[in-house]
Amino acid sequence: MGWPCIGETLQMYSQNPNVFFTSRQKRYGDIFKTHILGYPCVMLASPEAARFVLVEQPHLFKPTYPKSKENLIGPSALFFHTGNYHARMRKLVQASFSPEVTRKLIPVINRLAISSLESWANGEVINTFHEMKKFAFEVGILSIFGQLNKTYTDKLKENYSIVEKGYNGFPTKLPGTAYHRSLMARRRLSRIFGEIMRERKENKLFANNLLGHLLNFRDENGNTLSDEQIADNIIGVLFAAQDTTASVLTWILKYLSDDPKLLDAVKEEQKAVCESGDGENQALTWSMTRKMPLTYRVILESLRKASIISFTFREATVDVEYDGYLIPKGWKVMPLFRNIHHNPEFFNDPENFDPFRFQNPPKPNTYMPFGNGIHACPGNELAKLEMLVLLHHMLTKYRWELVGSSNLIQYSPFPIPENGLRARFTKKFDRK
Ligand code: HEM
C-alpha cells in the first residue's frame, strides 16, 4: 500500500504506469491492492475478475471519475450514472450510434477524411495526433448534430478546445487558472447548445441523431430532459469520442510505418477495394468497408497493443467478496484491460504487432478495448468505421514519412507516440 496518505502514487507517476501495474502483477498475482491518488484500490488483471465487476455484478460497483472532469463535462453525462437514469440515457445514445444510423454517415465521413488529408499534404510536418483529433472532433459533431453550419462548428471547436485543457487540472475556481478558463468555456458551450436546440425545436428538426433523440425523449410521465442534461450528455460523448479515436489512429500510423511489409499488404488490400468500387469518384460505400479484413485486423491489433484505455475505475458500493478476497465498501476497483491484452496466456508473443492473430477470435473476455458490460462503449461501431474510412483514403492516395524520433510514449492522458508522431504527407501522383 506504499506510504501513508500518498500510497504508491509517486511510484506510479515516476515510471510508465504499465510497468507499474505489470511489475506488481508479476509479484502479487492477478488480484492485488495498492493506494493511489488518495484511494485504496483493488487491481484486477484476470478476465474473470474484470467480468465479475463489469458484467456479472455491475450494480455493486459504481463508475467514478475525478471531480475536475465531472464539473467540466457536466454531472448528468451518462457515464457518471448507474441505474434507471443511466439505462435511459444509454438507450438514446445506443440508438444514435447503431450500425444502421452510423452507416448513413459514410458520405459525410468520406468528405471529412478527404479534406483532412488534403490539408495535411502541404509539405509541412504535422503533429499526427493533433490532426487526428480535429478529424475525430468533426465526426463527433456530425454524429451528434447531423449537419451543422460552419459558424456553430467553429464556435464549438474553439470553446471545446479550451474546456478540454481543464480535464486533468486541479479543480479551482480561481480566476486566471486554466481550470477557471475551462469552466467559462463550458458555460459558453451550454449557451451555444441552447441556441441550436431552440432552432431545432422551432423548425421541428428532430433527426435520427443524438441531439434529435435527446430532444425527443419523454419519460413515462411525459417529462422531457432539461437543456443542462442534454448539454452534459453532448459534452460527454465528445469527450468519450475524440482523444480515444485520435490516439488509436495515431498508433495505427506508427505500427504501419514500423512494418513496411505489412504496410504494403494493407495498401494492396485498399487498392483492390478501390478497383472493386461500386461508389462514384472517390466515394467509399458501406459494402466496400466490409471488404477490408486485413485493415480491420490492423485496427483490432492496434486497439490491443496500444490499449489506450489501460484500465477503468469503479468504486465498491458495499463490501463485496470475490474469489476469497474482500473488497471493502468505498475502495476503488480497477479492471486492468492492458494487462489482460498483454498477457501471453491470451495473446501469444503480446509485444509483437501481429494483426493476423485476429484470424481466430480471442478467448472470451480477454479482449476489451471498448470495455464490457453495461458501460461498454456505445460508439465502437462509429469509431471503427471512421478509422476504416480515413485509412482507406490515406493508404490509396497519400504517402507519408515519420519525422524525428517516435519511440517514446507520452501520456495525454492516453498514450501516444512521442511528440504526437510528427509526419510529412504527400499526395500520390494521379496516373489517370
Ligand atoms: C477507438 C475509440 C474508442 C475507444 C477505445 C473507446 C473505449 C471505451 C471504453 C473502454 C469505454 C468503457 C469505459 C468504462 O467501462 O469505464 C467506453 C465508454 C463510452 N464510450 Fe467509447 N471508445 C471509443 C470511441 C467512442 C466514440 C467514437 C464514442 C461516441 C460516438 C464513444 C462513446 C462512449 C460513451 C458515451 C461511453 C460511456 C458508456 C456508458 O457509460 O454507458 N466512444 N469507451
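Start by selecting strand 3 (61-63) and strand 5 (residues 314-316): they run antiparallel and are joined by three bridges. (Strands are DSSP E runs of at least two residues and helices are H or I runs of at least four, both numbered from the N terminus; two strands pair if DSSP finds at least two bridges between them.) Click on F61 and look across to strand 5, where A316 stands opposite.

Before moving on, note that this is a predicted model, in which local features need pLDDT of at least 70, side-chain atom pairs count only at pLDDT 80 or more, and totals for chains, interfaces and linings use all residues. Residue numbers start from 1 along each chain as its sequence is written.

You get an open sheet of five strands in the order 1-2-8-5-3, with mixed pairing. Strand 1 and strand 3 are its edge strands, each pairing on one side only. From one strand to the next, the twist averages 35°. (Axes are lines fitted to C-alpha atoms, for helices over the stretch in contact, and angles run from 0 to 180 degrees between N-to-C directions.)

Next, pick strand 1 (residues 31-36) and strand 2 (residues 39-44), an antiparallel pair with six bridges. The two make a hairpin with two residues between them, and in the turn L37 has a positive phi of about 50°. For two landmarks along this pair, show K33, whose bridge partner in strand 2 is V42, and H35, which stands opposite P40 in strand 2.

Strand 2 and strand 8 pair in the parallel sense, over four bridges. As a reminder, strands of a sheet pair through backbone hydrogen bonds, either parallel or antiparallel.

Now bring up helix 3 (residues 47-56). Which strands does helix 3 lie across? The answer is strand 1, strand 2, strand 3, strand 5 and strand 8 (332-335), and helix 3 runs at about 120° to strand 8.

Jump to the loop between helix 16 and helix 17, where you will find G373. G373 counts as partly exposed because 16 other C-beta atoms lie within 10 Å. (With C-beta atoms placed from the backbone, 20 or more others within 10 Å of a residue's own make it buried, 12 or fewer make it exposed, and anything in between is partly exposed.) Leaving out residues up to four places away in sequence, G373 touches L54, V55 and P58. (Contact here means C-beta atoms, placed from the backbone, within 7 Å.) If you want a distance to check, G373 and G38 are 27 Å apart in space, C-alpha to C-alpha, and 335 residues apart in sequence.

C377 sits in the loop between helix 16 (337-341) and helix 17. UniProt lists C377 under "binding site", in an unreviewed entry; such annotations may be inferred rather than shown by experiment. Is C377 buried, exposed or partly exposed? With 19 C-beta neighbours inside 10 Å, C377 is partly exposed. Its contacts, leaving aside neighbours within four places in sequence, are F370 and G371.

**A buried lysine**

Select K305 in helix 15 (residues 293-306). K305 is buried, because 20 other C-beta atoms lie within 10 Å. From K305 to H392 is 21 Å in space, C-alpha to C-alpha, and 87 residues in sequence.

Finish with an open sheet of three strands, order 4-12-9, with antiparallel pairing. Strand 4 (125-127) and strand 9 (398-402) stand at the edges with a single partner strand each, so one side of each has no neighbour in the sheet. Strand 9 is joined to strand 12 (residues 422-427) by five bridges, and R399 stands opposite T426 in strand 12.

Terms used: Two residues are in contact if their C-beta atoms, placed from the backbone, lie within 7 Å.
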